[in-house]
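Here are my notes on this model. Please read them with the structure open.

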Amino acid sequence: MAASVGEVLISSEQLELRIQELGSQISRDYAGKDLVMVGVLRGAVVFIADLLRQLEVPCEIDFMAVSSYGSSRDSSGVVRILKDLDDSITGRDVLIVEDIVDSGLTLNYLMRNLRARDPASLEVCSLLTKPERRRVEVPIRYTGFEIPNTFVVGYGLDHAQRYRNLDYVASLPEDSVPTL
Ligand code: PRP
């Protein structure tokens, strides 16, 4: 374990099991549909890569990069598109794949933005959710784990771009790094 990381909240075994379950559920729900999974860079990369391999239905992937956090621990509430989708989603069944929903501001913005492109359906799958932190309600169809209001890293989630490579989710103690 990395020296400055705190308690392991979700082990790699727990992640693997839950992602298998999510994959089965999504495969059932999207049978016969035209699924496009939209990964939200950068945090969702690890999750979407594992989730994708649990799907038993045809699907495509595309990516968007947005930024609302910069290097600080709290959302600025300002969402910027850094990279848009490569392909059209009009008439398609879109599943946004997120690593975490915190305030909900990023997802709220993304859903409004993507809905305006007239997809046939638009749903969300998030590995983690922190309900206590919500500032705007967002409908999450598939949730991996509800977690308490602690700062977490690993399995794609970062602090100042570090820790994404951990194969588990761990808390990051407030005093382990300077709060930017
Ligand atoms: C994280 C996460 C979500 C967003 C959730 O992204 O991946 O996109 O914050 O927070 P919210 O619900 O408060 O809006 P971040 O901006 O940290 O970028 P990253 O994915 O590149 O790490």
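1. Burial. Of the 180 residues in the protein, 49% are buried (under 20% relative accessible area; exposed is over 50%, partly exposed in between; 1.4 Å probe, protein chains only).

2. Basis. This is a predicted model: local features need pLDDT of at least 70, side-chain atom pairs count only at pLDDT 80 or more, and totals for chains, interfaces and linings use all residues. Residues are numbered from 1 along each chain as its sequence is written, and side-chain values use heavy atoms, with hydrogens and water left out.

3. Fold. The protein has 3 helices and 9 strands (DSSP runs numbered from the N terminus: helices are H or I, at least four residues; strands are E, at least two). Their order along the sequence is β-α-β-α-β-β-β-α-β-β-β-β.

4. Contacts. Take contacts between residues at least 6 apart in sequence: 66% of them join residues at least 24 apart (contact means heavy atoms within 4.5 Å).

5. Cis bond. The peptide bond from Leu-41 to Arg-42 is cis, with omega near 0°. Arg-42 sits in the loop between strand 2 (35-41) and helix 2 (45-52). Most peptide bonds are trans.

6. Positive phi. Most residues other than glycine have a negative phi. Tyr-155 is not a glycine, yet its phi is positive, about 50°. Tyr-155 lies in the loop between strand 8 (152-153) and strand 9 (169-171). Tyr-155 is buried, at 5% relative accessible area.

7. Another positive phi. Gln-161, also not a glycine, has a phi of about 75°. Gln-161 is in the loop between strand 8 and strand 9. Gln-161 is partly exposed, at 41% relative accessibility.
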